[in-house]
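The report that follows looks at the confidence in one chain of a model and at the make-up of another.

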Amino acid sequence: MDDIEAELNIAETHADFTQDESEHRQRLKRPVQLHCQVKDRGFFTGIYFLKCNRKCLELLREAMLHHRWQEAVGYFSSYIQTLEAKTYNSYQSVVAEILWRLGTEILHHLPNTSNEDFNALYEQLKNVGVLNFSKISLEHCYHLLLNGQMDEAKRQLSIAESWRYGRVSRSQSLSKTLITAYCGLLDYLIWNEKKSSVSENEELSSNHEMHSYFRQASVTLKDIISLPGIWDPFVLSYVNMLEFYKQEESALQALENYAYNKEFPSNPNAHVYLYQFLKRHDAPREKLISTLRILHSLVPSHELMLELCNLLLDTS
Amino acid sequence: MDGTFPHQLFPHFYLDGPPDVKPKHCYSGWGTYERVFPVNAEQCDDEGALYRHKFESQHTVRGEEWVQLKPAVTPFTPPHKDAKVYSTDPLDPLDFPEQMKYYYQHHCMDAFSTMGRLLEENFTYKSNQSKDVMSLRWSKDFVKGLNYKRCELGKSSRKVRHIHRLLSDIVTDVPQPLLCSLLHEELTYQSEQQQFSADATGGALGFLPFYESEKGSDGCLIYSSGALMDKICFHRVAQEYKDDGTPTFNMGSEPVVFNLNAAARQISCGNYENSVHVAVRSDYFCGAWFVFDKLKPSLVDVIQTKQRFSCVTVSPHLPGEIVVANEQGAAYLWTPKKGLQKFREEDANLYFNAKSPWRWCDFSCHPRVLVYADRTGAELTDIRSADCNHTLFRIGKTPACLSGERVILVKYLGNIHPHHHLINTQFSSYIMDERVPSIPMLKWDHMMDFPPIYTCALPPKSQSQSCKVLLGAQRSQEIMLLQYTGGRQHACQTQGPIQKLLCPKDSLSHLNLQLPHKRRIAQKRLNSPAAGFMALQNKDYLSVFHLTDTADIFYQTLKLQTDQTTTDAQDPEQAVRVEPTVGDNENLQLQTNDNISENDSETEGQQVPLSPLKVIDNVDNDPLNNLDANENVSNEPPNNSTGINPSGSTKPLKQSKYLDLQRIWDVWFDYLFKNSADKKWLPQFRRIYTADIKCLRTNKQDKLEEDRLTRLRKDLQEVMRNRDLLVHGVTYLPHLNVEQIPDPVDPEDWPDDVSQRMAASWEGNWKSWWEDKLGLNRDKKIANLRQKRRREKQARSRSRTSLSGSFASSVSNPDSLSGWSSATSQYLGSDEETLENSQATDIEEWKSRPENRNKSPILLRRFLNEQSVEKEAVISPLRRLEQELMRSSKSQPSLQVKQPTSGTPKATVEKDSVDHPGLVSPLRKLSIPLKRCKEFYLSSLPTSQASTQDSTADGGFSVPQARLLSPAAPSQRASQIRSSSQASQPKKKSRMGF
């Protein structure tokens, strides 16, 4: 069965390739055929197809590890044909992930790559199977953010956020959570932009558009920072927004939870943020000292210990 | 101490519990940004509305570009003479019979001595034996033959088998089943060890820098050496820089060597202001050496225990402090000459039962806080108090662990960041910060084939440079270079993708070594697993030293591709491009960047498979060529193509660049082959000496013969050169005898079954022959016959309407249908069938002969075949058609005659028998081709056979009748045929009917 399928597939792929290459992807040449033994009838057999693929992947890996990117392109364009072997669903998703990882890395190191190339790669591979959708969407969003395309990233994130696929989407819960969190972060950044643009006008807090962004961002960010983990950028944005709307109490609550919750990993930054918040809002000296004492027990060498010393000197 | 901490960390989940994600593939180190965060979102207020947010990712795309200066590693020391090269093929535990055979054969005294003594007086090899002593002289050959590989079946001896049955269970000192199980167990362990052995963790290669200057540096390379790696060598190495900054290494005259009792597994060095401390770990002892002011190293202290040591680490903080751990789970602070201070002991693994005795210890930023690690995680232990432990790393608590992940190595990165630790697992490398336990500051998937048990960390040489971490594996020798920045004000970020450095075992493909057996020896030597590595960075050069298990040291040098050199090239590619050994090179190039000359060079490289170096190195040592080289790499400017075209005169120049490398390797190979030639070669196969036979032959040859042969050789060479044919007549060879072509075989002469079958199959009738022979087609034949008869009867009944009361119809009543009557009716039916029937009668007659009766149908078949062939020969289809037409026209009137009802029965019989065929046969005849007639004929055989008995029993009544009734012309022809058939097959007996 497999052999026949593979046999058929490889024939198709080759046909596809030659057409595709010539028409669309001018840069990629014909696929390399490695150690291909053709049967008397002129077909590639399934077993050779698999062997060939494995060999190709090995060579591709070696080329990439030695940073020979030009060579890797050739192997990669041949390795794409593995996607056509639709024998196993799970196998295909692994292949799609490998292709995505190798493909993006190669694109990063080639001259003359455009954003369209990246987009095409991300878009096509995230839809091969459904198991990688969230992961690749998230990475796609990162790529767009790093290249300054925030609007596009926002659009991608909202697509990924609304994506549902039964149990598959639930199994990708971690990346789904991150997608929501980054959605909130982007909402915050938009809010921040709006804030600075409207800052001349006086009625800041009554701006409706800003308020809706604030609501969206605060809800999602509140969710993510209640989960155990390290959420420095999220916490900072959340607190910043709450402070702007004069909701100091909930901000303090969030910071204290972030610093003192036992389920969270010990993070010096959490204590630093709390201390800075307290300092900004003129908290009593004892409270500042106790916050710094806890930080002292965790990181005795921290910069803020100098401040603790000063505080202690002042009190005594 | 550096107290700064990153203002923001990258977001991470923190999950507690055993990891359940299974590793799917080993490519996860590529193509991911891991996490991003906005770097200056909070500064937006100041910058204004048009400010664009900037993000940073944890994995960055670009790092420093390090390029290889040479395509292969360079040998640093000549190959060690007595080094033992073990096969790198994986051991199969199921091979224990082979091992036992070897043991019984080569250690027979150990295997059989006890029982041998007891049985000594009952067996002898002497010829004159007494009565109660058994001679074993016969077994001498058998025992001698055991040294060779031979056919077990052909060489089995009954006597040996008898003795084996009698004595096999008592003759061995260790009972066989016990030995088998123990051996299997041991082999299983050995094969596991071969895959991964934790003994060598840390590596047995170290370097101590003494001083550094602009011109060069001086240091001491410390490595284990010797056949069993049981020597410690302190070797002075002077490093010099050429004008362009390329470092060269010069070995000092002779190393200071210390002999140990066992193999040195790990070497750890600590460098202080005016002294250097070296600790060496062997399995059951550890030694400490101090080197003061570049003087000769002196051994300070040795500790020995009954527990295997698994770790030794020299303190980076205080001189004279070493920490050791053993497999019992105890960790000691060892101050040489003062003794051990136990600070921690664990009976079990730290966090869960990993069933591993491996323990590791290292220092941390505080001299009294140590890291205590095992396979499940690492803890920070304060040695001043009994119970002060904090988790630093834990499998299961650290995010993104995979199921089955284990700690392989822990290293304190004190030279990079006082709070950072490197933790290697078989899948990933983590940079941990002591201040944030369990959460990695950075994580790489290193994608190595084997777990990285060696590591080396290099601090950045300047602010802009990145920190480097190198990981090395034992079995596969691979070394990976990872780069990262940050850890102070900024969060840690990786720089660029992981890079794999060269390893010794890949060197041969880039070198010129053509003889296969030498290649094999060299490859085997180079394949031996790594025993350690060490890296040095100075300015823009990175030198990496490898030590293998055979105590060979190699090194490679990498150069940093700086901005200054890459300004001309828009895209700096790697300078050394190792050509792919397989695949179509043309396909590997991008079309847009295609450079014709580039392709030329590559195809040319392919056409010359034995070109010594298949690598085009574009970094030239000459600074003047540097710019050119970089331009060549970029593939961008087409006008530069002449510069990189290596065809013609430039190509040797390219090769000459590596001539020095080739020369170094040639010297190394010379040493290696000289050493291996000294070793005795054990023949595995029995050799037959043919030298004396050859001598005999040459003596007998006379001069004329020799002359002839030389001339023949010359002719042959000439002919081969011209691609001609060598004709026998041209040569002076004796004339060839012309052999007669043998007579064709007549199947007649071979009447037996097999020959008949062969004859049939030769004609292509094999299947039908078998069917006939087995009687498989009997039913079919019967059915055919029946159908035929029915058809005839229908035809007859049609004609009978006019010829009522005919004699023939009254004779052939349906009940008495038999082969014979059918034969007669056929005979009556048509002209063609009369022929066949006449033959059938022949057959009947022939069959009836007693000598043929009991014969198989083969003969009969053949006979029939001949008959039919003759028949075909006699009546060509065309002629037959003619006859039919003539006859049908003749019979037309008779048909009209038949219409009137009146007439005598006899006359009607006559008429019927004559005219009836004329009525039916032409119609049918035309439609049935001759071949089918033959088939019919053949298919009706069994029945006709069956009917022969009847007919003969009837006393030949029917035959004469048929003949009587038959018209003259057909019968005449039939008799003609018969006579002709008789001529071909002589018959002694006359026919019964006549």
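A residue is called buried when its relative accessible area is under 20%, and exposed when that area is over 50%. In this predicted model, the buried residues of helix α7 of chain B, which spans residues 516-526, are Ala522(B), Arg525(B) and Leu526(B). Seen down the axis of α7(B), these buried residues fall within an arc of 95 degrees, and therefore they line one face of the helix. Pro516(B) and Arg520(B), by contrast, are exposed on the other side of α7(B). As background, residues three or four places apart point the same way in an α-helix because there are 3.6 residues a turn.

Chain B as a whole contains 30 helices and 39 strands, and its totals are set out below.

| Property of chain B | Value |
|---|---|
| Residues that count as buried, of 994 residues | 48% |
| Contacts joining residues at least 24 apart, among those between residues at least 6 apart in sequence | 61% |

For chain A, the mean pLDDT is 81, and 81% of the residues reach 70 or more. Among the elements of chain A, helix α1 (residues 2-23) has the lowest mean pLDDT, 41, whereas helix α13 (residues 268-280) has the highest, 93. Over residues 1-31 of chain A pLDDT stays under 50, and for this stretch the model has 52 contacts beyond four places in sequence. Where pLDDT is low, the predicted coordinates should not be read in detail.

Terms used. Residues numbered from 1 in each chain as written. Chains lettered and ligands numbered in written order. Predicted model: local features only at pLDDT ≥ 70, side-chain atom pairs only at ≥ 80, totals over all residues. Heavy atoms only, no water. pLDDT = per-residue confidence, 0-100. Helix = DSSP H or I, 4+ residues; strand = E, 2+ residues; numbered from the N terminus. Contact = heavy atoms within 4.5 Å. Buried < 20%, exposed > 50% of the residue type's maximum accessible area, 1.4 Å probe, protein only. Arc of directions from axis to C-beta.
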